[in-house]
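These are my notebook entries on one protein model. I set down what I looked up, in the order in which I looked.

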Amino acid sequence: MSQTDFYLRRLHSLTGIVPIGFFLLEHIFTISRALAGPKEFDAATAFIQTLPMKAAMEIGFIALPLLFHGIYGLYAAFIAKNNVLTYSYFRNWTFYAQRITAYIAFAFIIWHVWLLRFGGSGLGQVTTFKAVSQVMADPIVLALHAIGLVATIFHFTNGLWTFLITWGVTVGPRSQQMSQYACWGLFALLNIAGLAALMRFAG
């Protein structure tokens, strides 16, 4: 591996957690406000819309890191050698799933942003409970969102586990095992919150 590849992989690992991972957590927290009712969700999205320098932050701290992480991640997934049929170990399967969910998450995020942010739903920018409910009333849209959400959360939480190893946070077998349990717990928690919110929108 060349020095350039090393730094690109490190940057790819870092951007998956900061800021993209943080944005995913914030996004799921925001949509989960729908569980408390339309007023709570609308208040949460209205607050985000009034943040100072919102456009600049979205471009600098979300769009550009996401673009780099997504494009480089697709390249890494394409050149990765998967041997799950030869060595059917658990970590081999999660390595393979990380690559598959990279494709799903990348396509899902582009579609999701186009649909709800850039008017693809035909409603303009969707920021209210009523508008999101209109979009999620379509069972196909709802199902694709559920699939995309689960794939994206898996990609983040499994990536978090490898991030902790890559950056020397969990160096021993015990710490890696404990962090794996924690990441699976986070995977379950985020899915419960996210999927419950989707069902709340769908009525």
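**Entry 1, conventions.** I work with a predicted model, in which local features need pLDDT of at least 70 and side-chain atom pairs count only at pLDDT 80 or more, while totals for chains, interfaces and linings use all residues. Residues are numbered from 1 along each chain as its sequence is written, and side-chain values use heavy atoms, with hydrogens and water left out.

I looked up the secondary structure and found eight helices and zero strands. Helices (H or I, at least four residues) and strands (E, at least two) are DSSP runs, numbered from the N terminus.

I noted that the C-alpha atoms fill a box of roughly 50 × 35 × 30 Å along the principal axes. Of the 203 residues, 36% count as buried, where buried means under 20% relative accessible area (1.4 Å probe, protein chains only).

Helix 8 covers residues 173-202. I found that its 30 residues reach 43 Å from first C-alpha to last, close to the expected 44 Å; the expected span is 1.5 Å times one less than the number of residues. After helix 8 comes Gly203, with a positive phi near 85 degrees.

Which residues of helix 8 are buried? I listed Ser179, Gln180, Cys183, Phe187, Leu190, Asn191, Gly194, Ala197, Leu198 and Phe201. An α-helix has 3.6 residues a turn, so residues three or four places apart point the same way. The cover over the buried residues of helix 8 includes helix 2 (20-32), helix 3 (38-49), helix 5 (90-116), helix 6 (129-136) and helix 7 (139-166).

Key:
Buried means under 20% relative accessible area, exposed over 50%, partly exposed in between (1.4 Å probe, protein chains only). Contact means heavy atoms within 4.5 Å.
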